[in-house]
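Q: Here is a protein chain to go through by question and answer. Each reply sets a value against its definition.

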Amino acid sequence: MEEWIYENHDKAKALAEMGLCDHCLGRMFGKIGTGTTNVNRGLDIREALAEEGVDAPAAEFCPLCENVFELLDRFADAAVEAMDGIESDNFLIGTRVEPEIVQREKELWEQYGLEQAEPIKAELNREIGKLALPKMHRPVEFKNPQVVALVDTRFADVSIDIAPVFIAGRYNKFSREIPQTIWPCRVCHGKGCDHCHGKGKMYDTSVQEIIGDVALEMIGGTEHFFHGMGREDIDARMLGDGRPFVLEISSPRKRRIDLDELKRRSDNELAAFQDLHYVQREAVERYKEAAADKVYRVHVLAEGKVNKEAVIEVALSFKNANIDQRTPDVREGVRVRRRRTQHPELLGETRCAVQGRDPRRVGDQLSRTMRD
Ligand SMILES: [Zn+2]
Ligand SMILES: [Zn+2]
């Protein structure tokens, strides 16, 4: 008789006589030793008992698990089927076990003082995972799985939880008429009503939708979210190097699409996207919190004659000045401008040039040098 069985003899005998199946019997001592399975632990117990003339076979219907382990193949097949067509580098299988079974198991642990027992969920996860693995064509990942197949053992249905994908880049916005993100209708909050002409939103499109809708189609996800490094007003363009952002696609069926194609299909006369690349979830907070240096260009048109020296003097006086920023805020559905007093911004360098009278020349200049 193996030592661990000898040491747990009376408990093991009582549990075997209850008619537990080999899985459940072995699992009551599942954390003892390695390199074996709960089934084999159960068989070893029954063999040891038989040697001393005790006949304690498994019951036809296991009083603990209700023979759930007979369905392992079915669970594994259901998980494999549910994962079909979902691209991922790894996976994990989880299970939802009938609460009564979990409760009964706990009562046995307490009744017999079983300190080395393994929970049924852990055994089911592992055994279904082992059976499914050869058909998944990808490794198991316990810490950060890209896809979790959750098997409900009561009905053998499987729900799939897919980690989002995150694509970072920088965008330019050439239009003064579209917002950065979707702006839901304040009356119907997206359902569609007379106020928004049934669109559910205040603007036909946004930087988010221009790239997000294409990405959603290419990736086969359910929703897109846009995390920009700061926001800008609708009527401000975003030129130059562009503003960093992260696009999040939930429940993606693909994780690797051609980002050059995404750019090609997204870029239009309203917005353009550069330097698209994949990032991890952690990048989102980094992008949102980062305080980027901004370059503003203010273009002032004056009527009549202007004293050039005086203008330059006034402009340069802004150097290193603190400015109060008023940031847009959506409160009670009304967009108001709110004074942001906690974080006055320090204006750094200021430059000034008087560009002459010809508005066309001014326009040319702007398009070459304007950034942010
Ligand atoms: Zn059982
Ligand atoms: Zn509406």
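Q: What share of the contacts between residues at least 6 apart in sequence joins residues at least 24 apart?
A: The share is 73% in the protein chain. A contact means two C-beta atoms, placed from the backbone, within 7 Å. The model is predicted: local features need pLDDT of at least 70, side-chain atom pairs count only at pLDDT 80 or more, and totals for chains, interfaces and linings use all residues. Residues are numbered from 1 along each chain as its sequence is written, while chains are lettered from A and ligands numbered from 1 in the order in which they are written.

Q: Why does the span of helix 7 agree with its residue count?
A: The expected span is 1.5 Å times one less than the number of residues. Helix 7 has 17 residues (120–136), so it should span 24 Å; its end C-alpha atoms are 23 Å apart, which agrees.

Q: Where does helix 7 bend?
A: At K130, by about 35 degrees. The bend is the angle between axes fitted to the seven residues ending there and the seven starting there. A proline, P134, follows within four residues.

Q: Which residues of helix 5 are called buried?
A: Buried means 20 or more other C-beta atoms within 10 Å of the residue's own. F75, A76, A78, A79, V80 and M83 of helix 5 are buried. Their cover includes strand 1, helix 7, strand 2 and strand 3 (157–162).

Technical notes: Helix = DSSP H or I, 4+ residues; strand = E, 2+ residues; numbered from the N terminus. Buried ≥ 20, exposed ≤ 12 C-beta atoms within 10 Å, placed from the backbone.
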